[in-house]
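User: I have a model on screen and want to read it piece by piece. Please take my questions one at a time.

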Amino acid sequence: MDLKLIKKMVSGNEAISIGAYKGNARFASGYPGTPSSEILEHFKNYPDVIAQWAPNEKAGFEAALGASIAGVRSFATMKHVGLNVAADPLMTASYTGVNAGFVVVSADDPGMHSSQNEQDNRRYAKFAKIPLIEPTDPFEAMGYMQYAFVVSEKFDTPVLFRSTTRISHSLGVVQFDPRTLDNERELSLDKNFRKYVMLPANAIQRHKTVLERLERLKAFSEETPINRIEKGSINVGIITAGMAYNYVKELLPEAHFFKIGFSYPLPINKLREFVKDFDRVLVVEELEPFMEEELKIAGISVEGKKYFPYDGEFNLDVVEEGLYKAGVLKDKTAAIFTEEFELPKRPPALCPGCPHRPIFDILHSRKDVFITGDIGCYTLGALPPLSAMHTTICMGASISVAVGMAKAQDKEKIVAVIGDSTFFHTGIQPLIDAYVNKANMTVIILDNRITAMTGGQPDPSTGFSLSGDEFEPVDIVRFAKALGIERVFEVDQYDYNATKEIINQQIDTDGLSVIVAKRPCVLAPKKIKDTPLVVVPDKCIGCKRCLRIACPAIDFKDNKAIINEVLCTGCEVCKNVCPVEGAIVVKEEK
């Protein structure tokens, strides 16, 4: 057997995938979402594993749980808001328990770098009464992930494995043996009516099992080595976990640390003994006072959120400020992370050539419509100058919010805009709702055949899976017609005038209609680049109509529009909206 170790610089997400593979996980499912997306993209490269994207997090969770019941160690991945979608099976999986080890990876996003809210998913562990494991860096992410499968099987429970943006995307050196652990381990499909069929009579008994398990987990938390004490030299105790540990360790290395890796349930007895030795004990944790509250409920005197913020991502400046306010740091250093660099301002914008742009330009011209939007690149259609989106709530909410608006009033025309991946995620049921309840509205599904926002992962309309297997793409037009919706149209957004005619026609016609705007993303699966366009200066009247489509390739100088030929993809949307014939032309036509 080759005992050669591999030493490698990896991201936290890759480290999680390595840990899963070394932990003998052989099935994984999830839904892409920053900061979690790369975990499955790395895991799929290992031999003898199955890794797949699911239409949404609930489906991914349930598929992974099914693999566990079948006797295969498995895990599901998602970002923090995705666990809201998977919360339904999570709560019951706590009751059923597992067969082979089953881990739920939730990547939280403190600071909301790419999210619609900042929820702290540690709350879910307590809500579901399942163990919570948190690494602080890629090295721990790899080891703790293996450990999570062991804990899962030992206690017959799903394990919540929480990463954060900074851990998922930071780099660290890991050293590992490419062999897996527990290779000889064999489990078979577990047919167990009492355990897996949650009829009330069975669920009542399983709830008792969950409560008994929680007591055993509390005892285990006191013993596990991933909760550890690090001795210091000053009379200050720090209780911390996750990325916050790294910041405090750098700023106040002489303090005594109780580093938490097994965050729920907490090792209350050990922590009670720990705090006795110090005049001051601070709990340093990002977002919610999760540990602080648990400690205070147990009657343990600590301080925390009175010095540290409840919101935003921690960095050295934030933690230093908190330690200074608490009086355990006498001086502050010059700001490191809050220093402002003179970088060019670059407001977020749809990519040059993005097929979503014509839709929002057309909708912008309709001042009599209310536009409900959804989660994806196209949410940028809400920003000026396109300004063509009035709500964005969560995945799939565009259609359901529009249904409510359409039923509640008849003064405004209602248009719901949703992407293909989001439609498959949670847009299907709202469309059924719109049909069944005869909502007077137009649904525009932006089918660019990829999950573009998170980096180009395939979805059911793409035609190939995460592993590259091809399939006949799900046809959204046929699907909508199969529901019974009569007015279903397919348009090519680059055919600007025809698209505009259909959209206006359907907005002005009473009843439910669906328009599928079908044009592939310009960046995925491959970058699309056609012949660029140029402005003919003598014909440009400086009206700035082309600037209103918010294309990064178009600029304005000396009262004339100019096009950056490097950025231009040749989509011709600017040419279509220009009021002067011949002022914008394909380069060869000049």
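User: How do the residues lining the largest cavity divide into nonpolar, polar and charged?

Analyst: This is a predicted model, where local features need pLDDT of at least 70, side-chain atom pairs count only at pLDDT 80 or more, and totals for chains, interfaces and linings use all residues. Residues are numbered from 1 along each chain as its sequence is written, and side-chain values use heavy atoms, without hydrogens and water. A cavity is a set of points on a 1 Å grid over the protein atoms alone where a 1.4 Å probe fits but cannot get out, and lining residues have an atom within 4 Å of a point. With Ala, Val, Leu, Ile, Met, Phe, Trp, Tyr, Cys and Pro as nonpolar, Asp, Glu, Lys and Arg as charged, and the others, Gly among them, as polar, the lining divides into 12 nonpolar, one polar and three charged.

User: Which residues lie closest to the centre of the largest cavity?

Analyst: The whole structure holds three cavities of 30 Å³ or more. Of its 16 lining residues, the closest to the centre are Cys540, Cys543, Cys546, Ala561 and Cys578.

User: How many nonpolar residues are in the lining of the largest pocket?

Analyst: A pocket is an open set of points with protein on both sides within 12 Å along at least five of seven lines. The largest pocket has about 850 Å³ of space. Its 31 lining residues include Pro348 and Cys351, which are among those nearest the centre. Four are polar, two are charged, and the number of nonpolar residues is 25.

User: Which helix gives the largest share of the lining of the second largest pocket?

Analyst: This pocket has a volume of about 510 Å³. Its lining has 12 nonpolar, 16 polar and three charged residues. Met395 and Thr454 are among the residues nearest its centre. The largest share, three residues, comes from helix H17.

User: Why is helix H15 largely enclosed by the rest of the structure?

Analyst: Helices here are DSSP runs of H or I with at least four residues, strands are runs of E with at least two, and both are numbered from the N terminus. H15 is largely enclosed because its buried residues number nine of nine.

User: Which strands stand at the edges of the seven-strand sheet?

Analyst: Two strands pair if DSSP finds at least two bridges between them. The open sheet runs S3-S2-S4-S5-S7-S6-S12, with mixed pairing. Each edge strand has a single partner, so one side is left without a neighbour; the edges are S3 and S12.

User: Which residue in S7 stands opposite Ala107?

Analyst: Strand S5 covers residues 102–108 and strand S7 covers 159–164. They run parallel and are joined by six bridges. Opposite Ala107 stands Ser163.

User: What is the bridge partner of Val236 in S13?

Analyst: Another open sheet has the order S9-S11-S10-S13, again mixed. S9 and S13 are its edge strands. S10 pairs with S13 in the parallel sense over five bridges. The partner of Val236 is Arg280.

Definitions and conventions
Points joined across faces, edges and corners; volume = space filled by probe spheres on them. Buried < 20%, exposed > 50% of the residue type's maximum accessible area, 1.4 Å probe, protein only.
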